2 protein chains.
Amino acid sequence: MKKLSDIGEREAIRIISKILSKGDTALGDDCATLDMDEEHYLLVSTDMILQQTHIPQEMTPYEMGWFIVAVNLSDIASKGGIPIGVLLSLGLPREISEKFLKDLTKGADACAAEFGTYIVGGDTKEANEVTLCGTALGIVKKDEFMPRQGAKPGDTIAVTGELGKAGAGLLNLKNKILDKDLSKFLLQPIPRLKEGRVLAGQKCVTSCMDISDGLSSSLYQLKELNKTGFEIDLKNLPISSDLIAMGEKHSNLDVCSVALHFGGDYELLLTIPPEKFKQTREIMRENDLELIDVGRVIEDEKVILVENGRKKILENKGYEHFKKPFSSILPNLN
Amino acid sequence: MKKLSDIGEREAIRIISKILSKGDTALGDDCATLDMDEEHYLLVSTDMILQQTHIPQEMTPYEMGWFIVAVNLSDIASKGGIPIGVLLSLGLPREISEKFLKDLTKGADACAAEFGTYIVGGDTKEANEVTLCGTALGIVKKDEFMPRQGAKPGDTIAVTGELGKAGAGLLNLKNKILDKDLSKFLLQPIPRLKEGRVLAGQKCVTSCMDISDGLSSSLYQLKELNKTGFEIDLKNLPISSDLIAMGEKHSNLDVCSVALHFGGDYELLLTIPPEKFKQTREIMRENDLELIDVGRVIEDEKVILVENGRKKILENKGYEHFKKPFSSILPNLN
């Protein structure tokens, strides 16, 4: 009999989607969308993290609280939404200290407040390991909603910021390569809510998701949903300058591989008709936000990496639950 | 330093409430309430269950799916809401079979469909034990919302059905006392959505919650919130007939104790002005629903049990996370 480790997370989601009465439409996006009124969708996202599979041991309770709120708000951001509340379910071992609980709560509250919303409810339960499940709620005008599905051949592919920051953060945490603290990129990610709102307001984004699973994994997910291909040009990728600096110190660190495959960055990945790109980037700049052209949507259903002008298939090496451990994506440094 | 096992779940929630910017108002009820429009609240509830602390080993994957949806819908029911969607976060070990995943999904979908709603989204993650986190969404007219806080001295205390069904279910599962299957009361609870809607429509319920934590625990929670006392008359309690039949076979089974303290029944506990009670019960009966008068709200901030006409303090022996194991509430049978 097949196990989840044989089929992986993506196939598991397909199996679930086939069974549910609501069908595929419900589960193919970052958020569930419910009709709020004629003009607005209610957006709802839920995301769980668990100590042994997701939480680096260096993460403080404050950072855990921040993280679980941030990753849920990132799903609202990727649909162009405005957050209206966050709920937290905390599964905690009984030997956890009162201070741990307080710090965790402070981190969650600080992240919600930073992005203009509140923790509005939740649940606490006894668990064998720290288990945090968040639910974020948001609203978006129906005509500004940015779906995952809608990319067309010819569209420009863009990202909202540097890739590989979180990977650099984890590498530095484990190996102390650079004499600076990069851990916040990994442990206190910034949901791109402002970016999402400005982009949504332009009403020209044809597809959007966050790249928390890694760029390659995200492109494969968009390829499957959109029945189109994605071609990325390596020379245009905004690779984290910290990651590049690390690569200069460690010859066996494949900087591009970390930037392409390691997740945790929480930038937005989107497609946009080419004739709308420059104007949209201009408006993003006026708001002190970035929008970087990294490639284009193609007809051929493949994910292609252009490296020094030569095209090759970009493998799907991003993290996938059940199939492989998280750490397998990062190299051992010499 | 104090641990969660020292302070218990209720104190943990108080600590969280004090830290959160939104404050106490957010966390004292079964659901978070958000303004949807002038007339309606959006209700949101989240509830997590974990294999080792919450899931009896006899529970099938189908029942687990049903259960996590049912307990979240119960929170919507207790506020008078109409469910509009459920999200599920599944934390699953990698050695779980595909069949387990399918059965779990079928159970969740069946429960949502039974109560007129859908699974609209979710998340799957790798975990060391089965960890299920649900989020239920609902709507309720603001003037029909049934809060936890609002009980007044003199109000009639009522419940919507038998007490101790789930306890009888677990006892029978463990000891095979009666020659019938009672496990569904424990493993496939029925959220009292229909009851909640009819009650809410009467606009006279002064406080309401479900009794999933047990009657005594629920009364203590209402006492603390309402700054009033609660007096229950044992002779009026609708104790499960199956539980009573078990008591007749086992002399050391304290039937009343199970009915008063063991949770898992998911009936609604509510207060209602005495002059409105009969009419409300009549309307419930017209809808084939029960409403049973079990006592009255008193000024003295105590929880009192009247037994053979004599009053005594009803102890708070219900389940509380972190403080004691679930099984401690049920007796060992001779």
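Helices and strands are DSSP runs, numbered from the N terminus, a helix having at least four residues. In this predicted model, helix H4 of chain B holds both B:Lys102 and B:Glu98, which lie 4 residues apart and so are separated by about one helical turn. The two residues form a salt bridge, with 3.4 Å between the closest N and O atoms. B:Lys102 is partly exposed at 32% relative accessibility, whereas B:Glu98 counts as buried at 16%.

Helix H4 (98-114) is also one of the elements of chain B that touch chain A. The contact between the chains involves 70 residues of chain B and 70 residues of chain A. About 6,400 Å² is buried between them, and carbon and sulfur atoms give 67% of this area. Polar contact across the interface is found for 23 residue pairs, both residues of each being at pLDDT 80 or more. On the chain B side, the elements giving two or more residues include helix H1 (4-19), strand E2 (40-50), strand E3 (82-92) and strand E5 (131-141). H1(B) supplies the largest share, 9 residues. Sorted by class, the side of chain B that touches chain A has 34 nonpolar, 18 polar and 18 charged residues.

The charged pairs across this interface come next. Side chains of opposite charge can pair when their charged atoms come close. The rule finds 2 salt bridges between chain B and chain A. A:Lys125 and B:Asp47 form a salt bridge, with their closest N and O atoms 2.6 Å apart.

Over all chains, the whole structure has 48 salt bridges. In chain B, the side chains of B:Arg10 and B:Glu9 meet in a salt bridge with an N to O distance of 3.6 Å. B:Arg10 counts as buried at 15% relative accessibility, and B:Glu9 is buried with a relative accessible area of 7%. Another salt bridge joins B:Lys235 to B:Asp233, at 2.7 Å from N to O. Here B:Lys235 is exposed, at 67% relative accessible area, but B:Asp233 is buried, at 16%. In chain A, salt bridges with shared partners link A:Lys165, A:Arg192, A:Glu195 and A:Glu267 into one network.

Helix H7 of chain B spans residues 193-201, and its buried residues include B:Leu193, B:Gly196, B:Val198 and B:Leu199. B:Glu195 and B:Ala200 are also buried in this helix. The buried residues of H7(B) pack against helix H3 (61-78), E3, strand E9 (268-272) and helix H11 (274-286) of chain B. Strand E3 (82-92) of chain B is also among the elements that touch chain A. Just after H7(B), B:Lys203 takes a positive phi of about 55 degrees.

Key
Residues are numbered from 1 along each chain as its sequence is written. Chains are lettered from A and ligands numbered from 1 in the order in which they are written. Side-chain values use heavy atoms; hydrogens and water are left out. Contact means heavy atoms within 4.5 Å. Buried area is the accessible area (1.4 Å probe) that two parts lose on being put together, summed over both. A salt bridge is a side-chain nitrogen of Lys or Arg within 4 Å of a carboxyl oxygen of Asp or Glu. A polar contact is a pair of N or O atoms within 3.5 Å; within protein, one must be able to donate a hydrogen and the other to accept it, and residues adjacent in sequence count only if both atoms are side-chain atoms. Ala, Val, Leu, Ile, Met, Phe, Trp, Tyr, Cys and Pro count as nonpolar, Asp, Glu, Lys and Arg as charged, and the others, Gly among them, as polar. Buried means under 20% relative accessible area, exposed over 50%, partly exposed in between (1.4 Å probe, protein chains only).
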